[in-house]
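Thanks for coming, everyone. Please have the sequence and the model open while I talk.

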Amino acid sequence: MVSAQGSSIRDEGPPDGAPRPFERANALALQFAARAPQHDRDASFPFENFDELSEAGLLALTVPAALGGAGAGALDAARIINIFGKADPSTALVLSMHYIQHLVMARSSRWPARLARKLARETVEGVALINALRVEPDLGSPSRGGLPETIARRTETGWRLSGRKIYSTGAPILKWYAVWARTDEPELRVGLFLVPAGLPGTRIVETWDHLGLRASGSHDVLFDDVVFPLDHEIDVRKPEDWQVVDFTQATVHAIFIAAIYDGVARAARDWLIGFLRQRVPSNLGASLATLPRVQEVVGAIEARLAVNARLIESFAGDFDDGCSLTAAESNIIKLAVTNNAVAVVEHALALTSNHGLSRANPLERHYRDVLCGRVHTPQDDATRIQVGRLALGL
């Protein structure tokens with residue numbers, strides 16, 4: 001991405017000459033990238049990455065400064081996520097979900113302040129990640145409507161939760177779940193409940209065996225009459241009150257997803273450049289980089305990446321500055337950047353033939369990973385329909 005000049009955490013930096021957040025991230029990214037191929041092969045979870053992120057103070061990046069964190073906004077967080085997206089997108093995805101939750105906590109009037117402070121303190125002090133568990137086998141993505149099958153029953157001793165969540169990113173390491181569920185009250189409500197991981201009746205089923213982001217640990221989480229405190233209700237409303245999405249959640253989600261997959265595309269570009277410079281076919285007598293056709297394709301790659309950087313940086317900066325933005329705009333950013341990222345890796349594959357698809361080289365892994373950008377909410381068809389209806393006045 002483009003230079004981080006103007007970033008609050010880059011300009012001010014930590015005291016006493018300690019490494020700045022971006023410097024720490026770049027140093028860690030080298031180690032993450034070295035480990036990523038093996039984690040991809042084994043579909044193993046990179047626990048060590050999160051230990052190192054915690055030691056570097058980067059898990060608390062979006063925790064407010066008043067609560068001991070770095071107080072970073074969307075722009076600085078997107079830059080950090082982009083660095084890790086290039087090194088290991090599975091780690092970047094888990095981290096981005098954690099960052100989103102803390103940004104929402106800091107800006108939301110609905111999050112109970114006591115719980116927000118507790119989670120902030122825990123992530124400042126150690127490895128205490130949180131993610132929202134929303135998707136279910138029958139419901140699919142909640143963004144397309146419908147009520148969850150997961151039920152929270154209110155009792156005198158606490159809430160009792162039963163249900164199954166799928167695609168629970170970071171499941172092996174999460175300390176907290178923000179679970180999307182409905183109540184069994186006469187006047188039904190639906191929303192988020194804060195559930196500690198590892199309670200009796202909670203079970204992780206290792207179902208994640210995916211084409212891409214294989215190290216993200218996006219397994220199923222089962223809840224069988226799990227009891228948790230009554231005051232762990234985060235934001236539970238009548239179903240019709242959820243027609244308007246949480247602005248912070250939707251916007252930073254779009255920005256961070258875009259940053260992850262732009263990072264994957266940049267990793268593919270970097271490998272491609274090295275390959276083209278070093279590959280010297282005997283019948284050519286020079287490197288592939290000298291061919292005008294190759295130069296044109298590389299130019300197309302650079303153009304897409306330049307557009308991505310501008311889109312992410314300007315939109316994240318506008319969000320931090322409090323500019324008037326819409327959900328449709330954020331969805332368009334996600335659509336444009338992720339599709340540009342896919343196109344970049346496909347251009348690289350077109351230039352490298354069998355070499356690009358060999359498991360001895362990282363390009364095939366980047367391709368598997370970048371394709372996952374299309375499945376994140378909102379999917380491309382939903383965005384295009386939404387924007388088309390707005391344009392048509394429907």
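Where is Pro378 found? Pro378 is in the loop between α10 and α11. One caution before I go on: what you see is a predicted model.

The peptide bond from Thr377 to Pro378 is cis. Its omega is near -5°. Why point that out? Because most peptide bonds are trans.

Now step to α11, residues 380-391. This helix has 12 residues. From first C-alpha to last, α11 reaches 16 Å, close to the 16 Å expected at 1.5 Å a residue. Just after α11 comes Gly393, with a positive phi of about 70°.

Back to α10, residues 363-370. Pick out Arg368, which sits in this helix. Is Arg368 buried or exposed? Arg368 is buried, because its relative accessible area is 12%, and the cut-off for buried is under 20%. What does its side chain meet there? One partner is the side chain of Asp40, in a polar contact of 2.7 Å. Another is a backbone atom: the oxygen of Leu211 lies 2.7 Å from a polar atom of the Arg368 side chain. Beyond the residues up to four places away in sequence, Arg368 touches Asp40, Leu211, Gly212, Arg214 and Arg359.

Next, a pair of helices. Two packed helices are described by the angle between their axes and the distance between the axes. Here the pair is α4, residues 74-87, and α7, residues 247-278. Their angle is about 35°, and their axes are 7 Å apart. The crossing of α4 and α7 is right-handed. Who makes the contact? From α4, the list includes Ala74, Ala77, Ala78 and Ile81. From α7, it includes Val252, Ile255, Phe256 and Ala259. Charged residues take part too, among them Lys86 of α4 and Arg266 of α7. By class, the contact has 11 nonpolar, three polar and four charged residues.

Keep your eye on α7. This helix has 32 residues. It reaches 47 Å between its end C-alpha atoms, close to the 46 Å expected at 1.5 Å a residue. How many residues of α7 are buried? The count is 25 of the 32, so α7 is largely enclosed by the rest of the structure. At the start of α7, look at Asp246: one of its side-chain oxygens reaches to within 3.1 Å of the backbone nitrogen of Thr248.

On to α8, residues 292-320. Its 29 residues should span 42 Å at 1.5 Å a residue, and its end C-alpha atoms are 42 Å apart, so the two agree. After α8 comes Gly322, with a positive phi near 80°.

Within α8, find Phe315. Phe315 counts as buried, because its relative accessibility is 6%. What does Phe315 touch, leaving out residues up to four places away in sequence? Its contacts include Thr251, Ile255, Leu325 and Ile333.

Now α2. Phe22 lies in this helix. It is buried, with a relative accessible area of 3%. Phe22 and Ile80 are 58 residues apart along the chain, yet their C-alpha atoms are separated by 6.6 Å.

Arg35 is partly exposed, at 22% relative accessible area. Setting aside neighbours within four places in sequence, Arg35 is in contact with Glu48, Asn49 and Glu52.

Last stop: two backbone angles. Most residues other than glycine have a negative phi. Ala43 has a positive phi of about 55°. Ala43 is in the loop between α2 and α3, and it is partly exposed at 26%. Tyr167 also has a positive phi, near 55°. Tyr167 is found in strand β3, residues 159-168. Is Tyr167 buried or exposed? It counts as exposed, because its relative accessibility is 52%, and the cut-off for exposed is over 50%.

That's my tour. Over to you.

Definitions and conventions
Residues are numbered from 1 along each chain as its sequence is written. Side-chain values use heavy atoms; hydrogens and water are left out. Axes are lines fitted to C-alpha atoms, for helices over the stretch in contact, and angles run from 0 to 180 degrees between N-to-C directions. Helices (H or I, at least four residues) and strands (E, at least two) are DSSP runs, numbered from the N terminus. A crossing is left-handed if the near helix is turned anticlockwise from the far one by less than a right angle, and right-handed if clockwise. Contact means heavy atoms within 4.5 Å. Buried means under 20% relative accessible area, exposed over 50%, partly exposed in between (1.4 Å probe, protein chains only). A polar contact is a pair of N or O atoms within 3.5 Å; within protein, one must be able to donate a hydrogen and the other to accept it, and residues adjacent in sequence count only if both atoms are side-chain atoms. The expected span of a helix is 1.5 Å times one less than its number of residues.
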